[in-house]
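This report goes through selected features of the structure shown here.

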Amino acid sequence: MVGRALTSLFWGVVADRYGRKPVILIGTFSVVVFNTLFGLSTNFWMALSMRFFLGCFNSQLGTIRAYASEVCREEYRALALSVVSTSRGIGLIIGPAIGGFFAQPVEKYPNLFVESSIFGRFPYFLPCLIISVYAVGSLVACKWLPETLHKHAEKANERADLHDISEHSSNDSGQKDNIVELEDKQIHKSNLLKNWPLMSTIIVYCVFSLQEMAYSEMFSFWAVSDKKYGGLSFSSQDVGEVLAISGFGLLLFQLLLYPPVERRLGPLMVTRLSAPQSQRGAANAISITAMSVFKAFGPAGGGAL
């Protein structure tokens with residue numbers, strides 16, 4: 001998370017300047033490399049470094065959400081962002097299950113894995129290897145992704161042409177189109193910090209991200225802690241099963257409930273209704289609606305940033 005915090009803005013600028021696809025490819029390739037090395041870590045500092053580098057080179061979430069909102073028509077934007085969170089829900093089902101069932105395979109499956117093998121020396125390498133192999137398949141699939149950055153250039157050219165026409169008309173009649181003038185000022189606003197609708201959306205998203213990440217990180221520690229310390233004494237396999245069930249609920253919520261509610265109430269009302277909640281589904285509803293509001297109030301071409 002420190003690596004992501006330090007480099008997310010950088011990768012957003014890269015995505016806005018050079019395209020979404022290169023950033024997605026780099027991020028997916030970083031999973032293949034650093035996740036594999038994480039499973040082969042021999043000490044705490046190596047494991048910490050691999051996670052840090054993975055965070056530095058992997059800025060997939062913002063880029064993919066920007067890509068999803070651009071690759072489809074505006075009326076399907078909420079559904080596209082919901083699909084992104086649904087895919088995360090699928091990951092929350094598969095990921096914890098892989099970690100819970102395949103960590104320490106020598107102890108769990110002694111008939112298949114021997115102590116002298118690489119999986120005996122590195123007991124957490126197998127789940128990392130499975131995820132890295134899956135990332136290789138995703139990397140190959142990225143070959144067929146169309147680039148969406150050119151759409152911003154087309155919109156900018158359309159605005160420029162409209163502005164030129166308005167200027168020419170104003171020279172003839174002495175009047176200027178107020179709508180085009182206001183839009184032009186919005187486009188060329190240099191300081192994002194003064195864009196209050198945008199900043200308020202970011203603040204709300206930060207608050208709910210804090211809640212969501214705190215839940216995600218602390219639940220596993222609480223579940224595996226001994227009962228005498230107030231924990232549940234769960235095994236890693238038990239934690240994987242619980243998180244998989246939670247992810248399945250998130251998948252159903254994002255796929256079936258959120259899109260029709262958002263279409264009927266709008267992103268702002270959904271955000272207000274979700275604010276009092278403290279569940280994972282509500283937090284993900286906030287993340288989708290915040291992205292929708294960002295697309296409405298943010299600068300042109302700045303989706304990934």
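Ala78 is part of helix α5, residues 77-102. Helices (H or I, at least four residues) and strands (E, at least two) are DSSP runs, numbered from the N terminus. In sequence, Ala78 and Glu262 are 184 residues apart, yet their C-alpha atoms lie 7.2 Å apart in space.

## Model and overall make-up

This is a predicted model, in which local features need pLDDT of at least 70 and side-chain atom pairs count only at pLDDT 80 or more, while totals for chains, interfaces and linings use all residues. Residues are numbered from 1 along each chain as its sequence is written, and side-chain values use heavy atoms, with hydrogens and water left out.

The protein has 14 helices and 0 strands. Of its 305 residues, 37% are buried.

## Annotated transmembrane spans

The unreviewed UniProt entry gives the annotation "transmembrane region" to residues 21-38, 79-102, 122-145, 202-222 and 242-261. UniProt positions are in the numbering used here, feature names are shortened, and annotations may be inferred rather than shown by experiment.

In the model, residues 79-102 are 100% helix and 0% strand, with end C-alpha atoms 34 Å apart. Residues 122-145 are 71% helix and 0% strand, and the end C-alpha atoms of this span lie 35 Å apart.

Helix α2 covers residues 20-39; at 1.5 Å a residue its 20 residues should span 28 Å, which agrees with the 29 Å between its end C-alpha atoms. The expected span is 1.5 Å times one less than the number of residues. Buried residues of α2 include Arg20, Val23, Ile24, Gly27, Val31, Phe34 and Asn35.

In helix α13 (residues 267-274), Val270, Thr271 and Ser274 are the buried residues. Seen down the axis of α13, they fall within an arc of 100°, so they line one face of the helix; the arc is that of the directions from the helix axis to the C-beta atoms. Arg272 and Leu273 are exposed, on the face of α13 turned away from its buried side.

## Aromatic rings

Searching the whole structure gives 8 aromatic pairs. Rings of Phe, Tyr and Trp (its six-membered ring) pair if their centres lie within 6.5 Å; planes under 30 degrees apart count as stacked, over 60 as edge-to-face and the rest as tilted. Phe34, Phe52, Phe53 and Phe57 are linked into a cluster by ring pairs.

Arg51 lies over the face of Phe38, 5.6 Å from the ring centre. A charge sits over a ring if NZ of Lys or CZ of Arg is within 6 Å of the ring centre and within 35 degrees of the ring normal.

## Cysteines

The structure holds 0 disulfides (pairs of cysteine sulfur atoms within 2.5 Å). Cys142 counts as buried at 7% relative accessibility, and Cys206 as partly exposed at 47%.

## Positive phi angles

Most residues other than glycine have a negative phi. Gln104 has a positive phi, near 50°. Gln104 is in the loop between α5 and α6 (105-108) and is partly exposed, at a relative accessible area of 23%.

Ser233 has a positive phi of about 60° and is not a glycine. Its place is the loop between α11 (196-224) and α12 (236-265). At 35% relative accessibility, Ser233 is partly exposed.

Definitions and conventions:
Buried < 20%, exposed > 50% of the residue type's maximum accessible area, 1.4 Å probe, protein only.
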